[in-house]
Amino acid sequence: MTPFEEYLRRGMMDANVAQYERVIQKAESQKLDTSPKYYRERMRLLADPWSWAKRRAGIRRKRLDWRLIAIVAALLLLSACAVAAVTGQFAQWFPGIWMDPNAPEVSEEIVGRMGTVIGVPQTVDGVSVTLNAAVWDGQELRLSLTTDIPDLPEDFNPDAAFYDLECHLTLAENQREAYLRKETARIHDVSHIDSTAEEREALVQSDLEDPFMPYLRPVIRATRQEDGTLTLAVYANLYDYVETPELTLHIENLSTYQEGQEEDGFFVSISEISPDGTVTTDREVNEPFLPGPFDFTFTLDKKLSPVSYSGDIDATYENIPVRLSKITVRAFQVDAYGEVLAPMDPTGEDPDKLYVSMEQSIAMSVNGLWTEDGDYVETVGATAFPIAEDGQSDCEMHNSPLHVVDPATVTALNIGGKRVELSELERLSE
């Protein structure tokens with residue numbers, strides 16, 4: 001957990017959809033919000049490492065229309081409801097993963113190749129939590145926990161936003177420096193930050209003084225509730241910079257926010273975490289349903305790496321001139337990156353600049369993919385346009401297949417109605 005500008009995909013994470021039902025309902029009337037609270041909420045929504053990068057000075061601010069996130073979230077919610085339940089070990093642990101209802105055994109096998117079975121239970125003050133398993137695609141990490149809570153309140157709402165700011169995910173001490181060095185380079189590259197090797201190294205050494213760096217911010221959501229037992233999903237972005245990463249998941253004071261904490265249809269929390277782990281927040285929370293603390297240490301021994309391609313791809317759609325330069329296919333998502341070859345205005349008020357409607361943002365994105373056996377899998381998502389103050393815009397397509405796929409078997413993409421053969425692009429080293 002997408003620049004943070006993997007925002008759209010993270011905005012699409014099925015675990016976050018329920019939190020934004022009111023946003024969906026108010027989508028047509030919601031105005032563009034570029035205030036500081038917008039960027040803070042975007043971090044909470046999307047749970048992407050760019051939250052780390054944005055703490056650096058000098059990164060330009062960009063805009064995104066909340067209505068687009070709302071509409072895409074609504075599309076995903078409808079699509080998820082249409083997927084039939086399937087059986088299988090990982091399907092049961094990870095109900096948020098979209099399995100192929102026509103071939104559940106194939107989906108289970110794909111997920112199993114990037115799944116690490118953990119099965120470690122802990123009990124604190126009569127409350128039991130079991131870390132079932134991890135699923136890792138080389139960029140996104142998902143964890144499954146099952147909790148047995150005897151005194152779970154009758155009015156507990158599993159669809160509520162969780163207060164999870166006292167929960168954290170940390171990397172083993174002997175792996176932190178290597179991870180930070182590669183992550184710093186990636187962030188500076190994708191953000192077009194002009195820096196020397198010495199400046200980057202200074203940032204790495206400074207970050208090593210913070211025990212929570214790299215900032216693997218977990219986002220926790222409930223995925224199933226049955227008779228006092230909750231299945232929880234933990235999401236975090238974890239890049240495959242180190243072999244068999246060793247992680248510790250800390251769960252403490254997991255709770256829900258009190259009602260009436262929204263502003264203009266959005267849940268906004270202004271929160272800070274100090275280097276010693278102290279959390280300050282401006283929102284009231286209920287009594288923790290998982291006070292803990294629980295600590296699980298585990299090693300990831302499986303992953304299904306993404307496959308990336310580069311090239312000069314004409315993705316012009318209607319009157320929107322777009323050139324893509326990179327495509328990344330992952331088990332849960334397809335990302336395409338490029339630029340818009342014309343200045344943009346996100347409001348549509350400047351007649352001399354390009355305006356892209358929400359309908360166009362959805363239609364011009366990655367609409368589907370073909371696999372080597374000839375199957376076509378539809379995707380759900382849209383194109384985002386992080387716009388700089390001068391109107392210049394990047395172009396980022398973030399789309400989720402309607403069921404999990406093996407990236408190595410994807411042969412072509414449907415981008416805005418055009419078939420793009422991946423074999424005609426340069427495959428980047430993994």
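# Reading strands, helices and salt bridges

Colleague: Let's start with the open sheet of 3 strands: in which order do its strands come?
Modeller: The order is S5-S8-S14, and the pairing is antiparallel. Strand S5 (168-171) and strand S14 (294-299) are the edge strands, each pairing on one side only. From one strand to the next, the twist averages 20°. By the way, this is a predicted model, where local features need pLDDT of at least 70 and side-chain atom pairs count only at pLDDT 80 or more, while totals for chains, interfaces and linings use all residues. Residues are numbered from 1 along each chain as its sequence is written, and side-chain values use heavy atoms, leaving out hydrogens and water.

Colleague: Okay, but what makes two strands pair?
Modeller: Two strands pair if DSSP finds at least two bridges between them. The strands (E, at least two residues) and helices (H or I, at least four) are themselves DSSP runs, numbered from the N terminus. Here, S5 and strand S8 (residues 246-251) pair in the antiparallel sense over 4 bridges. Look for leucine 171, which stands opposite leucine 247 in S8.

Colleague: Now for strand S19: how many of its residues are buried?
Modeller: First, the word: buried means under 20% relative accessible area, exposed means over 50%, and partly exposed is in between (1.4 Å probe, protein chains only). In strand S19 (residues 376-384), 7 of the 9 residues are buried, so the strand is largely enclosed by the rest of the structure.

Colleague: Which residue in the turn of the S18 and S19 hairpin has a positive phi?
Modeller: That's glycine 374, at about 90°, and the hairpin has 4 residues between its strands. Strand S18 (residues 366-371) runs antiparallel to S19, joined by 3 bridges, and glycine 368 stands opposite glutamate 378 in S19. S19 is also joined to strand S20 (residues 393-401) by 6 bridges, again antiparallel. There, glycine 381 stands opposite asparagine 399 in S20.

Colleague: How about a helix: which residues of H10 are buried?
Modeller: In helix H10 (residues 197-207), they are Arg200, Val204 and Asp207. Seen down the axis of H10, these buried residues fall within an arc of 70°, so they line one face of the helix. That arc is taken from the directions from the helix axis to the C-beta atoms.

Colleague: How many salt bridges does the structure hold?
Modeller: The idea is simple: a side-chain nitrogen of Lys or Arg lies within 4 Å of a carboxyl oxygen of Asp or Glu. The structure holds 16 of them. One of these joins arginine 330 to aspartate 137, with the closest N and O atoms 2.8 Å apart. Arginine 330 lies in the loop between strand S16 (322-329) and strand S17 (334-340), and aspartate 137 in the loop between strand S2 (127-136) and strand S3 (140-148), so the pair ties together parts that are 193 residues apart in sequence.

Colleague: Is arginine 330 buried or exposed?
Modeller: Arginine 330 is buried, at 0% relative accessible area, and aspartate 137 is buried at 0% too. Now look at glutamate 201, which forms a salt bridge with arginine 181, closest N and O atoms 2.8 Å apart. This pair links helix H10 to helix H9 (residues 173-190). Glutamate 201 is partly exposed at 27%, and arginine 181 is partly exposed at 33%.

Technical notes: Axes are lines fitted to C-alpha atoms, for helices over the stretch in contact, and angles run from 0 to 180 degrees between N-to-C directions.
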